[in-house]
Amino acid sequence: MIVLLIEDSKGDILLIDSAFEELGTAYELTVKENGKEALEYIIEAETGKARLPNLIILDLNLPLINGFEVLEQIKLSKSLKDTPVIIFSSSSAEKD
């Protein structure tokens, strides 16, 4: 399983990586730490330069480009639009 984690917190990255390790399932974790890197990866995946993830875990509060904009591009992507996306955020804002 290929997991794309879009998260800027080192602690949250370690937490998610540990959770996948505990599952005992083979996985490859690709981490992008800001929205710009995430969008670049999406373009690479669209063009076959990067492997398509089976699962995307997305933080909403990202530097450079926020998670809402990244999610919009994922859903517009022909290759990724049907990929499950888990929203992961520490935001307490009701709108999030």
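At the start of helix α3, a side-chain oxygen of Asn66 lies within 2.9 Å of the backbone nitrogen of Phe68. A polar contact is here a pair of N or O atoms within 3.5 Å; within protein, one must be able to donate a hydrogen and the other to accept it, and residues adjacent in sequence count only if both atoms are side-chain atoms. The model is predicted, so that local features need pLDDT of at least 70 and side-chain atom pairs count only at pLDDT 80 or more, whereas totals for chains, interfaces and linings use all residues. Residues are numbered from 1 along each chain as its sequence is written, and side-chain values use heavy atoms, with hydrogens and water left out.

Helices (H or I, at least four residues) and strands (E, at least two) are DSSP runs, numbered from the N terminus. Within α3, residues 67–76, the buried positions include Gly67, Val70 and Ile74; buried denotes under 20% relative accessible area, exposed over 50%, and partly exposed in between (1.4 Å probe, protein chains only). Seen down the axis of α3, its buried residues fall within an arc of 60° and so line one face of the helix, the arc being that of the directions from the helix axis to the C-beta atoms. Among the elements covering these residues are β1 (2–6), α2 (35–46), β3 (55–59) and β4 (85–88), where contact means heavy atoms within 4.5 Å.

Helix α1 comprises 14 residues, 10–23, which at 1.5 Å a residue should span 20 Å, in agreement with the 20 Å between its end C-alpha atoms; the expected span is 1.5 Å times one less than the number of residues. In α1, Ile13, Ile16 and Phe20 are buried. Viewed down the axis of α1, its buried residues fall within an arc of 70°, so they line one face of the helix. These buried residues pack against β1, β2 (28–32), β3 and β4. On the other side of α1, Lys10, Leu14, Leu15, Glu21 and Glu22 are exposed. Just after α1, Gly24 adopts a positive phi of about 75°.

Phe20 has a relative accessible area of 11%, while Tyr27, at 23%, counts as partly exposed.

Strand β1 is largely enclosed by the rest of the structure, because five of its five residues are buried. Ile2, Leu4 and Ile6 point one way from β1, and Val3 and Leu5 the other way. Strands β1 and β2 run parallel and are joined by five bridges, pairing being assigned if DSSP finds at least two bridges between two strands. The bridge partner of Leu4 in β2 is Thr30.
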